[in-house]
Amino acid sequence: MDHLNSLDLKCLLDLPVGQNLQDHTMTLFGPILVDTPESFLFSRIVNIRSVFDFATMRSGPYAGTTHGAIGFVTTSVRKDKNWPEIQFTLAYLGIFAGVSEMLEHVYNIKSKVYKKYLQIDDHQDIRSEMDANIIAISLQRPKGRGYIELVSRDPFVSPLIQPNYLSHPDDVRALVEGIKTVIDLYENTTVYRRINARLYNKPFPGCEDTLFKSDSYYECFVRHITTTIYHPVGTAAMGKNINDKHSVVDSKLRVLNTSGLRVIDASIMPVIPNGNTNIPSIMIGEIGSDFIRSHWQKQYEISNMQRHFIYPKEDTSFYSKMI
């Protein structure tokens, strides 16, 4: 209410709309260098054979993506060990001229920063290309909460979106532990030792003053190269009951203390799911459409007028054929 009053807007209903913003963040960690010719390198992939294989048999490197595996782990930060809060996505992406622009296009990582980190330029010789893996480390259950607010009375002015990424210390600790798990996997397992897997040994720009491969270095890395996966939820949360001060909608997705208004999207999730939000969002849409259809079916049911007046609070209106 205070926020609307500050913009000289009349508050008709005081609900926590725009609060409780949650999102999945991702730290793009690596590269992990490997001595095996199986990662995506421009000089290796972009050739006539690859194009021919895809055009004629839908096979070869163009038939897949650079993402090879996904896994989940639980860290010591999480007290409830029944579900993991870190997701790993392995990308077999090597180091070559143009990889920085690719990462900027896909993950919105500034290419000039990654070029400085990898010490590559636009005219890099193919002899300096390196096979590698890059691992996206995603925080599935962040404790930090953000918000969305208006900045103007003008509806065409974009709102302020403050996600508050990494604002909670446990979120940073979980990502750091996720990085250490990746390092242990690559450098201390038999399968990866066979291909001489090792972390790229240049410090990330801005983290040069920290001890390489220490917790403080990993925290610095997380704070420099963490981005969103575009899974925002929670700003119109469904509550436990009408008296829940954190709720905006009820169990049928109706905005509290209103009529004829529902919210049917990912914003009604009170807590972000421990995984991608696509399928839950589809489920919300399907259930929400069922609620609307059921409501209007009831409005045109032929029912007894007497029952309507005896039970006026039922979610059913009467309709008489007047016969």
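Which residue in β4 is the bridge partner of T89? Select T89 and look across to β4: the partner is A136. This is a predicted model, and the tour below starts from that pair.

**Stop 1: strand β4**

Select residues 132-139, which make up strand β4. Eight of the eight residues are buried, so the strand is largely enclosed by the rest of the structure. In a regular strand the side chains alternate between the two faces of the sheet. Colour the two sides of β4 separately to follow this. One side carries A132, I134, A136 and S138; the other carries N133, I135, I137 and L139. Both faces are covered, with all of these residues buried.

Strand β3, residues 86-91, runs antiparallel to β4 and is joined to it by six bridges. Strand β1 is also antiparallel to β4, and here the bridges number seven.

**Stop 2**

The peptide bond between G30 and P31 is cis, with omega about 0 degrees. P31 belongs to strand β1. For background, most residues other than glycine have a negative phi, and most peptide bonds are trans.

**Stop 3**

Select residues 215-224, helix α8. Which residues of this helix are buried? They are Y217, Y218, C220, F221 and V222. An α-helix has 3.6 residues a turn, so residues three or four places apart point the same way. Show the surroundings of α8 next: its buried residues pack against β1 (25-33), α5 (111-118), α6 (169-187) and β8 (226-228).

From α8, select C220 together with C207. A disulfide joins the two, with an S to S distance of 2.1 Å, and the structure holds one disulfide. C207 lies in the loop between β7 (198-199) and α8, and C220 lies in helix α8, so the pair ties together parts that are 13 residues apart in sequence. Turn the view to look along the S-S bond: the torsion is about -90 degrees, so the disulfide is left-handed. Are the two cysteines buried or exposed? C207 counts as buried at 1% relative accessibility, and C220 counts as buried at 13%.

**Stop 4: two residues with positive phi**

Select K213, in the loop between β7 and α8. Its phi is near 70 degrees, a positive value in a residue other than glycine. K213 is partly exposed, with a relative accessible area of 35%.

Then select Y230, in the loop between β8 and α9 (278-299). Phi of Y230 is near 65 degrees, again a positive value in a residue other than glycine. Y230 is exposed, with a relative accessible area of 54%.

**Stop 5: D170 in helix α6**

Select D170, which lies in helix α6. At 13% relative accessibility, D170 counts as buried. Leaving aside neighbours within four places in sequence, D170 is in contact with V77 and K143.

**Stop 6: N20 and its contacts**

Select N20, in the loop between α1 (2-6) and β1. N20 counts as partly exposed, at 23% relative accessibility. Which side chains make a polar contact with the side chain of N20? One is that of Q22, at 3.2 Å, and another is that of R145, at 3.2 Å.

Next, show G146. N20 and G146 are 126 residues apart in sequence and 6.0 Å apart in space, C-alpha to C-alpha. Not counting residues up to four places away in sequence, N20 touches R145, G146, V233, G234, T235, A237, M269 and P270.

**Stop 7: the largest pocket**

Rolling a probe the size of a water molecule over the atoms shows where empty space is left. The largest pocket holds about 490 Å³ of space. Its lining is made up of 19 residues, and those nearest its centre are L4, L13, L15, P16 and V17. The elements that give two or more residues to this lining are α1 and β5 (147-149).

Key:
Residues numbered from 1 in each chain as written. Predicted model: local features only at pLDDT ≥ 70, side-chain atom pairs only at ≥ 80, totals over all residues. Heavy atoms only, no water. Buried < 20%, exposed > 50% of the residue type's maximum accessible area, 1.4 Å probe, protein only. Helix = DSSP H or I, 4+ residues; strand = E, 2+ residues; numbered from the N terminus. Contact = heavy atoms within 4.5 Å. Disulfide = S-S within 2.5 Å. Pairing = 2+ DSSP bridges. Polar contact = N/O pair within 3.5 Å; in protein donor to acceptor, adjacent residues only side chain to side chain. 1 Å grid on protein atoms, 1.4 Å probe; cavity = no way out; pocket = protein on both sides within 12 Å on 5 of 7 lines; lining within 4 Å. Points joined across faces, edges and corners; volume = space filled by probe spheres on them.
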